[in-house]
Amino acid sequence: MIELNTDGKIMVRRCLVTFKPFRIFVVGIGFFSLCFLMTSLGGQFSAKRLGDSPFTIRTEVLGGLESRGVLRKISDMLEVIMKRVDALAKLGNNSDSRRLDELSSPVGLFERIQAIAQNVSNMAVRMEQILQHSMAVGRGTARLQCEVPKDPRYPDCSSKVDWMRARWTSDPCYAFYGVDGSDCSFLVYLSEVEWFCPPLAWRNHTRPQPPKAAFRTDISTLLEQVGTGKESLSFMKRRIRRLAAQWGTAAHRLDGKLRGRWRDQKRILVHVGFLTEESGDVFSPKVLKGGPLGEMVQWADILSALHVLGHNLKISVSVKELQGFLGVPPGRGSCPLTGPLPFDLIYTDYHGLQQMKQHMGLSLKKYKCHIRVIDTFGTEPAYNHEEYATLHGYRTNWGYWNLNSRQFMTMFPHTPDNSFMGFVSEELNETEKLNIQRNKVDDMAVVYGKEASMWKGKEKFLQILHRYMEIHGTVYYETQRPPEVPAFVKNHGLLPQQELQQLLRKAKLFIGFGFPYEGPAPLEAIANGCIFLQPKFNPPHSSLNHEFFRGKPTSREVSSQHPYAEQYIGRPHVMTVDYNNSQEFDSAIREIMRTKVEPYLPYEYTCEGMLERVHAYIQHQVGVGPDSMSGSPSGPFIALPNSTGLGWSSSVSAPPSWPPLSALQLFISKEAQSCVEACHHEGLVCEPTFFRFINTKEVQCEGVETEMNHIFPAFSVVRKECGLQKEALLFSCAGLSAKYRRLCPCRDFRKGQVALCKDCL
């Protein structure tokens, strides 16, 4: 029997059976002619015979589709012959010789076999013509196709081929990828599995058009994907279910805004690294014991947003799942993934990023631009650039990944160098808001602090608060009341989310102790009609003076427990005071009791706001990665609003950009002022994407220097010199220096949506 595989390899087997001599002659005319033809035309032919058992013929055909079609016909005809002969052979071994004579004597059977044999012979002649032509062409093209290319864009190609020639057997993963010792196999591997050689023109590199993404409102498939087995996953599923109706309403609204606009459906992997056993998963055991829930709140909302937006989602909470989804090959880690990255985007965290580095090998560098890192406190460019961080004292345990800073996604919009991912709070309808206002208890306060350790040293201002209000706590305990909680506090223990929400709807005040920093609870309290009172930090907390921030890849100074609430919401919903000043604290409590507020939730923390933001990132942050940034773009020039007063060029190069360059407004900072502060002072936000357009030599300065410096582009007032940025990964909104005034690219933003400019959606 002949089998023709899809890769063009023919398998011929069961070619010899025991039957009467006159029949083997007829069949042998076509079959052995074909075998001789294949071997004489240069195919790889091998035959093995064990006694009277069938032998196997394997030949590789050099021809294209036409030759394969002829071989398929030959295969079909030989199959018919073999079936007839096998039937006769079986009967020949049977004692019923009369039945054999009946089948073998008719002239029709013999003539049919002769006709088939003649057809096989004719097709064999045609096959010979095709293969002779194919081999003539193939010998010439093979030499061209498998020569090591000399391409300046791939300078390491030749040395990598030499390495493969000497070492390709050092790891079994190379053979797994089809490397067989030939130069062709080396070049295919080095251009398609790794990337040291250019793509080969004769290989197929096409990719199908992605389908259209359609909004979803059914969350059942998402809940199945989240899985079970961890209390953290159960918490996330409960949150997804509770907010399902609000996500559905938000999807309908955003769909109306977009007016049916085409959205590519992305293949997205979500790998929650901090929940894997390999990272220690310290969060899951504490879910029911007052542990931090902010990260799980955010991840649940990210999953919901990606699902509702209609993308093709895979979820991983173990390294084994990660390996399976990515296609990690067997071996000792020398090789990249088993194929092209099967995802357009990967959302993970720092733990997951470290796991991907361990298991993706060289592929991590190749596919870095597909990664988005959920990073609560932010990563500034000076800490992200490995060489610069090492040389200038910015290296920490979490930084140095050499990503585009926009690939880090934060919980609050505190680091414009990064992208603001956020989370959502439950949105109230008008009836619920009215009921809350009617039922507020003006002398009731709830403390923000679920762990007993947070209450240590807080007795002084709690005594002041107790003069005016009944204080409620939600501190976890197992058998007896925690001693850190004063006796005058009514402690409810750890409450389920719905019961906590009911408590907040009655309370007038939600008071913070200074920790945890920047969590979701204050926004939930404000959304339920509470006033949030928090401590002011003087001096501000940072990695330079506070243990909690030490080692985090940011120099950001935190002026209060919740800077977003202080800066973006403010009075009357948020009050920030010095808790060490008893008079100021006392005055604030009395003011809170007199103040009436309505429930308030910033648009960017609603389901619709988060959907809008995530949609914009997915559709427009295409190719965001370390190689997508350029220090000196080329393109047409456009005029800029110039507010610098320093003779900086009034025009910049303007290739396509997102955010659109029309949103750019140029300002100069003061000495020792960052672009974050300079833009904020103008009612704008710093946009790091625009640095590449203003980092240009078209400046009017007495001197221009170009170097790796996270302060540049900037202007030295003393030396009258302009500094330009040499390394695009170091463009930074956050950097500041007393020696320089920084050139700051600012932009506007949508009301209630600081992540997007007015024309960004």
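Analyst: Gladly! Helices (H or I, at least four residues) and strands (E, at least two) are DSSP runs, numbered from the N terminus. This is a predicted model, where local features need pLDDT of at least 70, side-chain atom pairs count only at pLDDT 80 or more, and totals for chains, interfaces and linings use all residues. Residues are numbered from 1 along each chain as its sequence is written, and side-chain values use heavy atoms, leaving out hydrogens and water.

User: Which residue with a positive phi follows α11?

Analyst: Helix α11 covers residues 294-308. The residue that follows this helix has a positive phi, near 95°, and is Gly310.

User: How far does α11 reach from its first C-alpha to its last?

Analyst: The expected span of a helix is 1.5 Å times one less than its number of residues. Helix α11 has 15 residues, and its reach is close to the expected value, at 21 Å.

User: How many of the 15 residues of α11 are buried?

Analyst: Buried means under 20% relative accessible area, exposed over 50%, and partly exposed in between (1.4 Å probe, protein chains only). By that rule α11 is mostly covered, and its count of buried residues is 14.

User: How many disulfides are there?

Analyst: A disulfide is counted here when a pair of cysteine sulfur atoms lies within 2.5 Å. Among the pairs that pass are Cys675 with Cys744, at 2.1 Å from S to S, and Cys679 with Cys746, at 2.0 Å. By this rule the count comes to 6.

User: Why is the disulfide of Cys675 and Cys744 left-handed?

Analyst: Cys675 sits in helix α24 (residues 675-681) and Cys744 in strand β24 (residues 741-747), so the bond links distant parts of the chain, 69 residues apart. Both ends are buried: Cys675 has 0% relative accessibility, and Cys744 also has 0%. The disulfide is left-handed because the torsion about its S-S bond is about -80°.

User: Which strand does Cys746 lie in?

Analyst: Cys679 and Cys746 form a disulfide with a left-handed torsion of about -80°. Cys679 is buried at 0% relative accessible area, and so is Cys746, at 0%. Cys679 lies in helix α24, so the pair ties together parts that are 67 residues apart in sequence, with Cys746 in strand β24.

User: Is the link of Cys757 and Cys760 left-handed or right-handed?

Analyst: The sulfur atoms of Cys757 and Cys760 are 2.2 Å apart. Cys757 is buried with a relative accessible area of 0%, and Cys760 counts as buried at 1%. With 105° about the S-S bond, their link is right-handed.

User: Are α10 and α23 parallel or oblique to each other?

Analyst: Axes are lines fitted to C-alpha atoms, for helices over the stretch in contact, and angles run from 0 to 180 degrees between N-to-C directions. Helix α10 (residues 244-258) and helix α23 (residues 607-620) pack at about 50°, with their axes 8 Å apart. Angles under 35 degrees count as roughly parallel, over 145 as roughly antiparallel, 65 to 115 as roughly perpendicular and the rest as oblique. The two helices are therefore oblique.

User: Which cysteine in α23 meets residues of α10?

Analyst: Contact means heavy atoms within 4.5 Å. From α10, the residues taking part include Trp247, Leu254 and Leu258, and they face a group in α23 that includes Met610, Leu611 and His615.
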